Amino acid sequence: AVSRHLSNRRRPPALQRRPMAAALAVAASVSPRWGSSGGATGRSAHGQKMEGTPWCDPNACCALTWLILDDRKRSHIRNCRRALPPMLYAEHVAPFLRFDEPLLNMLYAFGGRSHRHGSLDSVEMFDTWHGLWVPCPPMPARRAGASAAALSDGRLMVAGGYDERGIVDGLLDRVDEYDPRRRCWKAEGAASLRRARWGHGCACLGGLVYVVGGCSLQHRWREPREASMETLRSCEVYTPGDNMWRPAPSLQVARSGSRVVALGDRHLLAVGGCDDVFGRAETQPTVELFDPRSGHWAVLSKKLAQPRTTAGVAAIDDRRVMVFGGAPSLASAEIYAVPEDALGFGPRRDRQDEEDGEVGLIEEGRDDEAGEAGYRLVANMPVGRMGCQAAALYLPGPGASCPTNDRFCIAVVGGERCNTTPGEWPRVQQFSTVPVLDIKMRGWVSPDVCPIPPLPSPRTAVALCVGAGRIAAPPYATWASTSGKTDVDAEEEEAPTPQRLA
């Protein structure tokens, strides 16, 4: 009743013409001050003094403004109720909200390599609240072929790779840490890798970070050159509390371009790769499983449907992963299930329980012709690509929009494709588009309604991870793409804004 009464009151003309300025002014004017007791002190709509309402924090004013403007956008687009007055949010809604914690389920893309700029230092976060890519502070160093992982305390780590000087002279052992809460990079970074490498895999398991395989320079060569590169079996493990890298059990097969994912909280899985990048360059169909309790890697008897390297891999539960693309510019995808005996699990849950969950709904494709292989093929990607990465996160389902993220999906980010035409030199095409597989719908989301817009620029060899993130800015200028020209201040219309799919 209060909402209807207040929303029906006529607003002053100045507030009607300039909603953003009004929202900022109202939110700032009513932001409570911290009282001596640690709570907020302000005035209610009836002039009564409010104490002990701990809603005011460094981001409260900005967050209130986003809520006010989001409400105006939705009421304008959907032609439903009138937008609520800003004062209602500031005095009656804000005491029940907190804005000081980064939101989970954010997708980060670190660096990569582009035709135009070489190795990149740019960082983009896909904001699952507004449905767009927003820029983050650039990395302290340019890097491609690196890997990233989210630590248990929320920090994000980017390790290894190579800079603009290339895979030999620019080989990196540096490790950088990003704090999503403060939106900044740690000045001194983390401890350096024991051995510089690129093309490696990285994953967090049990609070520790594992770096697996990759390519590096042979120790016996005094002058670095491409002929002195070797593919690694060696692995390293990082303990955040000690800020120290230690040797970890080595792979059974040297791998570069493999993808490493955590299966629940008990195992790591290294998928595919190339066992001799600068030699015979044999692409691997094999998969290795690491159990920290036994302390060794084991090559599984079950293989991929076809050999792959630099593919996109994402875990969908504690036993299965989805594998997309890979060299040479493959479009095929498959579900790989680790044999139960290798995991040491007891009897699996019954089929009915599995069908009740979203992951159990993956039935697309057919069993392998051999039958006993036990993997399933899924629909091909719209376009084949290699050098890509994949991540699992929650996104809006059909007919919904951010921040209604209730569908478990997998996004494939970056990559490139080698187009060959008889009689012409091969042409390499890099991708900015982000195909999304909806697990429940059993297929790829149409590009016209894809919940993730393209990256700001095409790239390959990007590092990818899902973690927490603080929303940087509301997408004011993007409203024009869905609701026509808005009455946003001219200065804000001219300001650069993140790219969003209309």
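Analyst: Let us begin with burial: a residue is called buried when its relative accessible area is under 20%, exposed when that area is over 50%, and partly exposed in between. The model before you is predicted.

User: How much of the protein chain counts as buried?

Analyst: Of its 502 residues, 51% count as buried. The accessible surface of the protein chain comes to about 23300 Å², and carbon and sulfur atoms hold 51% of that surface.

User: How many helices and strands does the protein chain have?

Analyst: There are 9 helices and 33 strands.

User: How should I read a sheet, and in what order do the strands of an open sheet stand here?

Analyst: Strands of a sheet pair through backbone hydrogen bonds, in a parallel or an antiparallel manner. Here, 4 strands form an open sheet in the order 8-7-4-33, with antiparallel pairing. Strand 8 (132-136) and strand 33 are the edge strands, each pairing on one side only. On average, neighbouring strands of this sheet are turned by 35° against each other, direction ignored.

User: Which strands are joined to strand 4 by bridges, and how many bridges are there in each case?

Analyst: Strand 4 is joined to strand 33 (residues 463-469) by 6 bridges, and to strand 7 (residues 123-127) by 4 bridges. Both pairings are antiparallel. Leu-103 stands opposite Gly-469 in strand 33, and Ala-109 has Leu-464 of strand 33 as its bridge partner. Towards strand 7, Phe-110 is partnered by Val-123.

User: Is strand 4 largely enclosed or largely open?

Analyst: Strand 4 (residues 103-110) is largely enclosed by the rest of the structure, because 6 of its 8 residues are buried.

User: How should I read salt bridges, and how many does the structure hold?

Analyst: Side chains of opposite charge can pair when their charged atoms come close. The structure holds 15 salt bridges. One of them joins Glu-230 and Arg-195, at 2.4 Å from N to O. Glu-230 lies in strand 16 (residues 229-231), and Arg-195 in the loop between strand 12 (184-185) and strand 13 (201-205), so the pair ties together parts that are 35 residues apart in sequence.

User: Are Glu-230 and Arg-195 buried or partly exposed?

Analyst: Glu-230 is partly exposed, with a relative accessible area of 25%. Arg-195 has a relative accessibility of 15% and therefore counts as buried, the cut-off being under 20%.

User: What distance separates the closest N and O atoms of Arg-407 and Asp-438?

Analyst: These atoms are 3.1 Å apart in the salt bridge between Arg-407 and Asp-438. This pair links distant parts of the chain, 31 residues apart: Arg-407 belongs to strand 28 (residues 407-413) and Asp-438 to strand 31 (residues 436-438). Arg-407 is buried, at 15% relative accessible area, and Asp-438 is buried as well, at 4%.

User: With which residue does Arg-155 form a salt bridge, and which residues are linked in a network?

Analyst: Arg-155 forms a salt bridge with Asp-153, their closest N and O atoms being 2.7 Å apart. Arg-143, Arg-174 and Asp-176 are linked in a network of salt bridges.

Conventions. Residues are numbered from 1 along each chain as its sequence is written. This is a predicted model: local features need pLDDT of at least 70, side-chain atom pairs count only at pLDDT 80 or more; totals for chains, interfaces and linings use all residues. Side-chain values use heavy atoms; hydrogens and water are left out. Helices (H or I, at least four residues) and strands (E, at least two) are DSSP runs, numbered from the N terminus. Buried means under 20% relative accessible area, exposed over 50%, partly exposed in between (1.4 Å probe, protein chains only). Accessible areas come from the Shrake-Rupley method with a 1.4 Å probe; for residues, only the protein chains shown count as cover. Two strands pair if DSSP finds at least two bridges between them. A salt bridge is a side-chain nitrogen of Lys or Arg within 4 Å of a carboxyl oxygen of Asp or Glu. Axes are lines fitted to C-alpha atoms, for helices over the stretch in contact, and angles run from 0 to 180 degrees between N-to-C directions.
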